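Dear colleague,

Please find below the structure that I promised to pass on. I would be glad if you could read the notes after it with the structure open beside you.

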Amino acid sequence: MIARFKDLCLDATDPLALGAFWARMLDGDVADAGDDDTRVDPRSARSNAESIWVNKVPEPRVGKTRVHLDLRLAGAQPAALLADGARLVREPAGDATWWVLDDPEGNEFCAFPAREGTRPGPFELVVDSADPAAQATWWAGVVGGTVEHESSTSSVAGASGFPWDYWVFVGVPEPKTVKNRLHWDVDMVDPEPMALIAAGATLLSEPLDEAHWWWVLADPEGNEFCAFAPRPTQ
């Protein structure tokens with residue numbers, strides 16, 4: 001293990017409105033993160049990793065949503081989510097027992113019916129992938145955990161710092177072509193990202209200044225993520 005899962009970041013043209021929407025979806029509170037950004041902190045979160053930073057960007061969303069959350073509903077229908085501003089994209093059909101919804105900026109997510117013994121809220125982070133087995137294996141090598149393989153899906157369970165049940169990589173035919181609107185951050189074990197780069201990550205940018213003290217990298221399939229050095233202890 002060379003890093004620990006830290007949190008999620010969501011690009012937005014209107015972080016205040018989008019942060020308020022996701023606070024309603026996650027039964028959370030919206031905090032001012034400065035520089036026109038916001039942060040959603042679920043009230044029932046088990047760790048800071050369940051927070052979502054909503055960051056202002058100038059460009060609108062384009063292309064398919066390749067990274068999304070799966071939510072477990074409190075009941076059998078997503079009526080409460082729709083009443084709080086989600087838009088219905090697709091209803092359950094065939095073997096698919098879930099609803100596909102999107103947020104006000106068009107980011108899709110999935111909502112599953114309640115299940116006994118589980119709590120409402122996020123339970124999976126899902127990433128489109130050309131090679132799910134390779135991606136799950138790579139990320140398990142970075143953040144630890146156990147890899148499970150199915151026909152077109154591979155998942156990681158028990159990754160360091162990961163707050164949900166599974167980190168799922170789903171096989172899709174189309175390649176990644178644009179920046180992901182939703183990405184994850186990691187806390188590194190080392191003060192520099194050399195171990196990540198040696199493992200196969202690509203360096204996209206270095207820290208800009210004291211206010212932007214992280215590296216931006218991409219995994220073997222080009223998914224952007226931010227890597228933070230360990231904070232010095234006081």
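The notes below go through the core, the strands, the salt bridges and a surface patch.

This is a predicted model, in which local features need pLDDT of at least 70 and side-chain atom pairs count only at pLDDT 80 or more, while totals for chains, interfaces and linings use all residues. Residues are numbered from 1 along each chain as its sequence is written, and side-chain values use heavy atoms, with hydrogens and water left out.

I begin with the core. The largest nonpolar core holds 50 residues, of which Trp22, Leu125, Trp139, Trp167 and Trp184 touch the most other members; such a core is a set of buried Ala, Val, Leu, Ile, Met, Phe, Trp, Tyr and Cys residues joined through side-chain atoms within 4.5 Å. Helix H3 (residues 132–143) contributes the most to this core, with 6 residues, where helices (H or I, at least four residues) and strands (E, at least two) are DSSP runs numbered from the N terminus. Leaving aside residues up to four places away in sequence, Leu125 is in contact (heavy atoms within 4.5 Å) with several residues, including Phe5, Leu8, Trp164 and Trp184. In helix H1 (residues 15–25), the buried residues include Trp22, Leu18 and Phe21, buried meaning under 20% relative accessible area, exposed over 50% and partly exposed in between (1.4 Å probe, protein chains only).

Next come the strands. Strand E2 (residues 28–34) pairs with strand E3 (residues 37–42) in the antiparallel sense over 6 bridges, pairing requiring at least two DSSP bridges between the strands. Val40 in E3 stands opposite Val30 and also opposite Ile52 in E4, a strand (residues 52–56) that runs antiparallel to E3 and is joined to it by 3 bridges. In the hairpin of E2 and E3, with 2 residues between the strands, Asp35 takes a positive phi near 55°.

The salt bridges (a side-chain nitrogen of Lys or Arg within 4 Å of a carboxyl oxygen of Asp or Glu) come to 11. Arg43 meets Asp27 at 2.6 Å, N to O; because Arg43 lies in the loop between E3 and E4 and Asp27 in the loop between H1 and E2, the pair ties together parts that are 16 residues apart in sequence. Arg43 also meets Asp29 at 2.9 Å, N to O, and salt bridges that share partners join Asp27, Asp29 and Arg43 into one network.

Finally, helix H4 (residues 194–199) contains Met194, which counts as exposed at 55% relative accessibility.

With best regards
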